[in-house]
Amino acid sequence: MPPSISAFQAAYIGIEVLIALVSVPGNVLVIWAVKVNQALRDATFCFIVSLAVADVAVGALVIPLAILINIGPRTYFHTCLMVACPVLILTQSSILALLAIAVDRYLRVKIPLRYKTVVTPRRAAVAIAGCWILSFVVGLTPLFGWNRLGEVQRAWAANGSEGEPVIECEFEKVISMEYMVYFNFFVWVLPPLLLMVLIYLEVFYLIRKQLNKKVSASSGDPQKYYGKELKIAKSLALILFLFALSWLPLHILNCITLFCPSCRKPSVLIYIAIFLTHGNSAMNPIVYAFRIQKFRVTFLKIWNDHFRCQPSPPIDEDPPEEGPHD
């Protein structure tokens, strides 16, 4: 008999489906735009594509699996564990991609004249590969042994059962809270968050310093360059806020689960925290793409060419973006 679904669960599933319906097309459009427009082929947009790929997978794979876990079907322990791990891999990949983009924008401000020689497509590809490898290591760690199999086996044996335990597949039944708090949060979520805070503060400081210097020198070209970077820095500050808003609630709840097992957590708060983490994937195309004019123009061309059947003129590709000239 299928497990019954509460009203809270039904609302949660509906919101998750809505997030997936926004996240998948939005991030596919980002990838499509980079493919269509040659002006979107530099290192910055390589990182954005990596983020978009992870976010497509969050909408197409993680959210359906999260809904499955939430319903709690009865499965073998390791089957449930394998269902839980992709959530960890892909959400970790999104976090690392956000950090890579922040570092990339910092380098554009810190070393504008040398940026293109330092951040080459080859190095960007290596960074992207490194982010994905780290994500698989972090996300698959429970599969290598850091899980709750020992506890489940003892309870299974105490009931006189033999063989691999069969459980109601729920995230907290297979994933150790020690792993989620000490390893996932304290090592792979909180430090990137704090590092992004420092990066964004430094970006604002450097831009303000350069704008003040160039204003006194009455130099138009650097003014334009750093003015554009200031707009991007404001977007980074928004990303920082959305990242914290999306990820901290769930990890705070995990800390409460670990450090205060007797504390009651309202179901509605758990559901809100979970879909906030997934919702971050739907926010990213809006924040990263729609604030960049090259993306807006390309999106409009894709819409006209493929959905309205009214081919638009070829995109005027901007010349390579150079740093300020002294």
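Predicted model: local features only at pLDDT ≥ 70, side-chain atom pairs only at ≥ 80, totals over all residues.
Residues are numbered from 1 along each chain as its sequence is written, and side-chain values use heavy atoms, with hydrogens and water left out.

The protein chain holds 12 helices and 2 strands, where helices (H or I, at least four residues) and strands (E, at least two) are DSSP runs, numbered from the N terminus. Read from the N terminus on, the elements follow the order α-α-β-α-α-α-α-β-α-α-α-α-α-α. Taken along the principal axes, the C-alpha atoms fill a box of roughly 80 × 45 × 35 Å. Of the 326 residues in the protein chain, 48% are buried; buried means under 20% relative accessible area, exposed means over 50%, and partly exposed lies in between (1.4 Å probe, protein chains only). Among the contacts in the protein chain with a separation of 6 or more, 82% join residues 24 or more positions apart, a contact being heavy atoms within 4.5 Å.

The UniProt record, an unreviewed entry, places the feature "transmembrane region" at residues 12–33, 45–69, 75–103, 124–146, 185–207, 232–248 and 268–290. UniProt positions are given in the numbering used here, feature names are shortened, and annotations may be inferred rather than shown by experiment. In the model, residues 12–33 are 100% helix and 0% strand, with end C-alpha atoms 32 Å apart. Residues 45–69 are likewise 100% helix and 0% strand, and here the end C-alpha atoms lie 34 Å apart.

Within α8, the buried residues are Met177, Tyr179, Met180, Val181, Asn184, Phe185 and Trp188.

Which residues of α3 meet α8? They are Leu88, Gln92 and Ile95, and on the side of α8 the partners are Tyr179, Met180, Asn184 and Trp188. Helix α3 (residues 77–110) packs against α8 at an angle of about 20°, with the axes 12 Å apart; axes are lines fitted to C-alpha atoms, for helices over the stretch in contact, and angles run from 0 to 180 degrees between N-to-C directions. The two helices α3 and α8 are therefore roughly parallel to each other, since angles under 35 degrees count as roughly parallel, over 145 as roughly antiparallel, 65 to 115 as roughly perpendicular and the rest as oblique. The crossing of α3 and α8 is right-handed, a crossing being left-handed if the near helix is turned anticlockwise from the far one by less than a right angle, and right-handed if clockwise.

Helix α5 (residues 121–140) also packs with α3, as their axes come within 8 Å and cross at roughly 145°, again in a right-handed crossing. The residues that meet there include Cys85, Leu88 and Gln92 in α3 and Trp132, Leu134 and Val138 in α5. The axes of α5 and α8 come within 11 Å and cross at roughly 160°, which makes α5 roughly antiparallel to α8. Leu134, Val138 and Gly139 of α5 make this contact with Tyr179, Phe183, Asn184 and Trp188 of α8.

Single residues complete the picture. Valine 56, in helix α2 (residues 43–71), is buried with a relative accessible area of 18%. Leaving aside neighbours within four places in sequence, valine 56 is in contact with Val24, Asn27, Val28 and Ile31. Lysine 173, found in helix α7 (residues 171–174), is partly exposed, with a relative accessible area of 32%. Not counting residues up to four places away in sequence, lysine 173 touches Phe77, Arg148, Val152, Ile167 and Glu168, whereas the C-alpha atoms of lysine 173 and arginine 108, 65 residues apart along the chain, are separated by 45 Å.
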